[in-house]
Amino acid sequence: MTGVALLAAIGTLVIWLTDRQQGLATAWDQWTIPLLSALYFGIGVLHVVKPRCMPWALPPTLIATSVYLLVAIHLAMEGPSLPKLYALTSLAQMIPVFYVIAFVAWPRGGAWISGLTYAGLLAQYLFSLQAPMPTGGWGDIQPLTQKALLASVLIHPACILALSFIVHLRGQLSTSQQEAFKGKERFLAMLSHEIRTPLQAMLGTIDLLALKLNGSAETRALDRLRNSATQLDTHLRDVTEFTRLEDPALRIQADTFDLTQLLNDLRDDWIERAQAKGLTLSIDIAPGDQAALQAVTSDATRVRQIVCNLISNALKYTLVGGVTVHASLSRQPLARGMTIVVEDSGVGIAAQYLETIFQPYVRLEDARALRVDGTGLGLAVVQRLVDHLGGQLHVDSHPDRGSRFTVELPMADNG
Ligand code: ADP
C-alpha cells in the first residue's frame, strides 16, 4: 500500500513535469496535480505511521481524484485545445484504472465512488450533446471528444459491474473460509479438550504415584511416563495454537507494556531448565534504550509467545555455552520499533535449511541425527505471530557455531 501510494505520488509528479515541459499541462493541472501528488505522498506516510487512520483517509483521497478527473474532462470539453485533448484522451484511459484502485483500496465504497464518477461522466456526455459545436481550429476536435466520451460511457458500466462482482465473490470466499476455519477450530478444540483433560488427570496421578514409589527402576519408569505425557501435552498445545493463528480474523490487542520486565519474567521461567543442562541464560538490554523499552506498544501476549518459542528452541538445540536475549530500540526513518535477538551457541543450522525451517512440520532432526523432541511447529507459529504484528523475522546461523534469530517489531498503534 505504502509503495503504491508513493509510486502514485512520484508518477503523477513526473507526468506533470513532463507535460509542462511539452506545453501539455492545462491551467487546472498546474495546481491540482501537485496537490494530488502531495495527498498520495501523505497517504503513503500515514499507512506507515498511523495505519489505523487509513479507513478515514482513503475516501477523501479517492473523492479528490474523482473530482480532479471529472473537472479536467469538463474543462477539456470547453473550447478544445491540444493540451485539453491530450488531457481528455489520457484521462479517459485513467478512469478504469481509477475504478480498479478504488475497489482495491476501499472495497466497501469502491462501487459508490466508481458509480458517482461514472454518473459525472455520463452527465458530461449528455451535456456535450446539447452544447453548440465550435468549428474551425481546435473546434474540429469536439466531435472526437464526444466519441471518446461515448466510448467511456458505454464501456464503464461493464467495468464497474465486473469489479463489484469480483469484490462480492471475494467477500463470499472469505465468509466460507471463516466458516471452514471455525469448523476446523471447533473440531480441534474438542479434540484437544477430550485428549488434554484425561492427560492432565494422568499427569496428576503420575505425581501421586511418584510419592509412593521407592525403587529406582520404578521411579525411572515413572519419569519416562511423565516425560512422554508432558511431550504429548506440549504437542497438542502447539497444534491448537498453530490452527488458531490460521484464523484470518485474528486481531492484535495492542497495549503499552514493559519489554524488559517481560524478558526478565521469561528468564525466570526458563532458568531452571537452562541450568539443568549446564547452560547460561541471560538478558541484555541496550543501555541507551532501557527507558524506552520499559514502555513499548504491541501485543504483549504475542510478543511473549514469540520470545518464549525462540528461547525454548535455543535451549533445546544448544548443548554447551548458553543463550542470550538482546533487546534494543530500532530506529527506522518513518517508524519506531523494537528489535529482539535470541542468540545461542548451539548446533546451528546449515545454510540450505534456513528458508525451510519456518514451514510447518519441518524438522531437521532426521537429517542431523540429533534426538530432540518437537513437532516442527514452533518456528511456524513464531513466523505467523511476527506477521500478525507486522514485523520481520530473520535467522543467521552456522553449523556448530550457533544461531541468531532476529525479530523486528513495529510499535503498534494502541489508539
Ligand atoms: P521443533 O518443534 O522441531 O523445534 P521448530 O519449528 O521450532 O520445530 O523448528 C524447526 C527446526 O528448526 C527444528 O527441528 C530444528 O532443527 C531447527 N531449529 C530451530 N531452532 C533452532 C536453533 N536455535 N538452533 C538450531 N536449530 C534450530
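1. A residue is called buried here when its relative accessible area is under 20%, exposed when that area is over 50%, and partly exposed in between. By that cut-off Met-338 is buried, because its relative accessible area is 0%. Met-338 belongs to strand E5, which covers residues 336–344, and the C-alpha atom of Met-338 is separated by 5.9 Å from that of Glu-408, although the two residues are 70 apart along the chain. Please keep in mind throughout that this is a predicted model.

2. The domain assignment divides the protein chain into domain 1, residues 50–250, and domain 2, residues 255–410. The C-alpha centres of these two domains lie 32 Å apart, and the contact between them involves eleven residues of domain 1 and 13 residues of domain 2. About 1,100 Å² of area is buried between domain 1 and domain 2, and carbon and sulfur atoms give 61% of it. Which three residues supply more than any other three of the area that domain 1 buries against domain 2? They are His-235, Phe-242 and Leu-245, which supply 53% of that area.

3. The count of salt bridges between domain 1 and domain 2 is one. Arg-302 and Glu-241 form a salt bridge in which the closest N and O atoms are 3.7 Å apart, a distance to be read against the cut-off of 4 Å used for such pairs. The side chains of Glu-241 and Arg-302 thus meet, and since Glu-241 lies in helix H7 while Arg-302 lies in helix H10 (residues 300–316), the pair ties together parts that are 61 residues apart in sequence. Both of these residues, Glu-241 and Arg-302, are buried.

4. The structure holds six salt bridges, and one of them is a pairing of the side chains of Asp-207 and Arg-226, at 3.0 Å from N to O. Because Asp-207 is in helix H6 and Arg-226 is in helix H7 (residues 216–244), this pair ties together parts that are 19 residues apart in sequence. In general, side chains of opposite charge can pair when their charged atoms come close. Asp-207 is partly exposed, with a relative accessible area of 39%, and Arg-226 is partly exposed as well, with a relative accessible area of 23%.

5. Arg-226 also meets the side chain of Asp-223 in a salt bridge, at 2.9 Å from N to O. What separates Arg-226 and Asp-223 within helix H7? The separation is about one helical turn, because the two residues are three residues apart in that helix. Residues three or four places apart in an α-helix point the same way, because such a helix has 3.6 residues a turn. Asp-223 counts as partly exposed, at 34% relative accessibility.

6. On the surface, a nonpolar patch is formed by Phe-187, Met-190, Leu-191 and Ile-195, which together have about 330 Å² of accessible area. One of its members, Met-190, lies in helix H6, which runs over residues 142–212, and Met-190 counts as partly exposed because its relative accessibility is 40%.

7. Helix H12, residues 378–388, has as its buried residues Gly-378, Leu-379, Ala-380, Val-381, Val-382, Leu-385 and Val-386. The elements that cover these buried residues include H7, H10, E6 and E7. After H12 comes Gly-390, whose phi is positive, near 75°.

8. Two further backbone angles deserve a look. Most residues other than glycine have a negative phi. Tyr-361, however, has a positive phi near 65°, and Tyr-361 is found in the loop between E5 and helix H11 (365–368). Asp-400 likewise has a positive phi, near 65°, in a residue other than glycine. The loop that holds Asp-400 is the one between strand E6 (392–398) and strand E7 (402–410). Is Asp-400 buried or exposed? Asp-400 counts as exposed, because its relative accessibility is 67%.

Notes:
Residues are numbered from 1 along each chain as its sequence is written. This is a predicted model: local features need pLDDT of at least 70, side-chain atom pairs count only at pLDDT 80 or more; totals for chains, interfaces and linings use all residues. Side-chain values use heavy atoms; hydrogens and water are left out. Patches are made of residues with over 30% relative accessible area and no salt bridge: like charges are joined within 9 Å, nonpolar side chains (Val, Leu, Ile, Met, Phe, Trp, Tyr) within 5 Å. Accessible areas come from the Shrake-Rupley method with a 1.4 Å probe; for residues, only the protein chains shown count as cover. Helices (H or I, at least four residues) and strands (E, at least two) are DSSP runs, numbered from the N terminus. Buried means under 20% relative accessible area, exposed over 50%, partly exposed in between (1.4 Å probe, protein chains only). Domain bounds come from an automatic or database domain assignment. Contact means heavy atoms within 4.5 Å. Buried area is the accessible area (1.4 Å probe) that two parts lose on being put together, summed over both.
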